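Please take a look at the model below. How do its helices and strands pack together?

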Amino acid sequence: SSMTGLQVSSLLVTGANRGIGLGLVRHFLGMPKPPKWVFAGCRDPKGQRAQELQNLASKHPNLVIIPLEVTDPSSIKAAAATVGEHLGGSGLNLLINNAGVAKMSSLENETLEDMTRIYTTNTIGPMLLGQAFLPLLKKAAQASPGSALSCSKAAIINMSSYGGSIASPSGWDLMQVVSYRCSKAALNMLTKCQALGYQEHGVLCVALHPGWVQTDMGSSAGHTPPVTVDASVQGMLKVLSSLSEKDTGTFLDWEGKVLPW
């Protein structure tokens with residue numbers, strides 16, 4: 001299996017009730033040696049949109065659904081406390097900041113409200129989550145022998161987008177989505193900052209583009225994206241299993257290719 005290199009004992013995925021987040025949860029649960037804990041963050045665990053996640057949780061005792069609103073600092077603090085309680089004395093290996101929003105927009109009709117809302121979710125959320133979960137990530141890193149960084153030790157994976165690449169105009173004709181692009185370019189800088197700031201604590205940080213995936217968000221422009229959730233998630237897990245010290249602070253895609261900033 002391509003995932004044999006990934007030995008994760010615990011992870012948290014945000015925005016885990018649908019799309020890529022749900023796909024990641026499924027694949028981790030389906031591993032030959034699944035993690036001891038899979039924490040699935042979602043805004044409304046009891047709601048209709050979390051039904052599939054609930055069904056999975058009823059079959060997998062190692063899946064814990066965590067109420068988490070990534071734009072709310074008190075919700076993030078509460079989630080970190082709950083995860084810490086479940087973990088007992090051990091740390092968290094992997095934080096996957098997957099929760100994100102996009103809104104179809106052009107340069108002409110972009111607004112203060114949309115720019116603010118999207119930046120708050122896509123950029124500030126991952127920053128606050130990194131802060132809140134750093135103690136648990138540090139704990140995991142300390143428990144892992146050897147000094148080399150890896151996803152099996154401790155890592156923050158920020159789900160980014162090629163749309164945030166400043167060097168590449170890719171997709172402009174298809175959709176301008178200015179607020180989304182700006183938020184992802186900023187998320188890439190956050191990833192670099194986290195990589196620089198958290199390396200001394202043994203935490204690897206990477207920005208990952210999942211491909212243009214067949215999700216509600218991916219399809220919102222009215223085109224059918226080329227990549228399935230399964231293909232994207234399998235590719236990303238393969239990439240995660242191969243990441244090492246040299247990759248911290250980089251911007252990669254689901255096939256492991258380095259993307260231009």
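Helix 3 passes helix 4 in a right-handed crossing. A crossing is right-handed if the near helix is turned clockwise from the far one by less than a right angle, and left-handed if anticlockwise. Helices here are DSSP runs of H or I with at least four residues, strands are runs of E with at least two, and both are numbered from the N terminus. This is a predicted model, where local features need pLDDT of at least 70 and side-chain atom pairs count only at pLDDT 80 or more, while totals for chains, interfaces and linings use all residues. Residues are numbered from 1 along each chain as its sequence is written, and side-chain values use heavy atoms, with hydrogens and water left out.

Two packed helices are described by the angle between their axes and the distance between the axes. Axes are lines fitted to C-alpha atoms, for helices over the stretch in contact, and angles run from 0 to 180 degrees between N-to-C directions.

| Pair | Angle | Axis distance |
|---|---|---|
| Helix 3 (residues 73-87) and helix 4 (residues 112-143) | about 30 degrees | 10 Å |
| Helix 4 and helix 5 (residues 178-198) | roughly 15 degrees | within 8 Å |

Helix 4 is therefore roughly parallel to helix 5. Helix 3 and helix 4 are therefore roughly parallel too. That term covers angles under 35 degrees; over 145 is roughly antiparallel, 65 to 115 roughly perpendicular, and the rest oblique.

The crossing of helix 4 and helix 5 is right-handed. Residues of helix 4 that meet helix 5 include Met 115, Ile 118 and Tyr 119. Among their partners in helix 5 are Leu 187 and Leu 190. By class, this contact has 12 nonpolar, seven polar and two charged residues. Ala, Val, Leu, Ile, Met, Phe, Trp, Tyr, Cys and Pro count as nonpolar, Asp, Glu, Lys and Arg as charged, and the others, Gly among them, as polar.

Seven strands form an open sheet in the order 3-2-1-4-5-6-7, with parallel pairing. Strands pair if DSSP finds at least two bridges between them. Strand 3 (63-67) and strand 7 (251-253) are the edges, each pairing on one side only. From one strand to the next, the twist averages 20 degrees.

Strand 5 (residues 155-159) and strand 6 (residues 204-209) pair in the parallel sense over five bridges. Ile 156 has Cys 205 in strand 6 as its bridge partner.

Helix 4 returns here. It packs on the sheet and touches strand 1 (10-13), strand 4 (94-97) and strand 5. Contact means heavy atoms within 4.5 Å. The direction of helix 4 makes about 175 degrees with that of strand 4.
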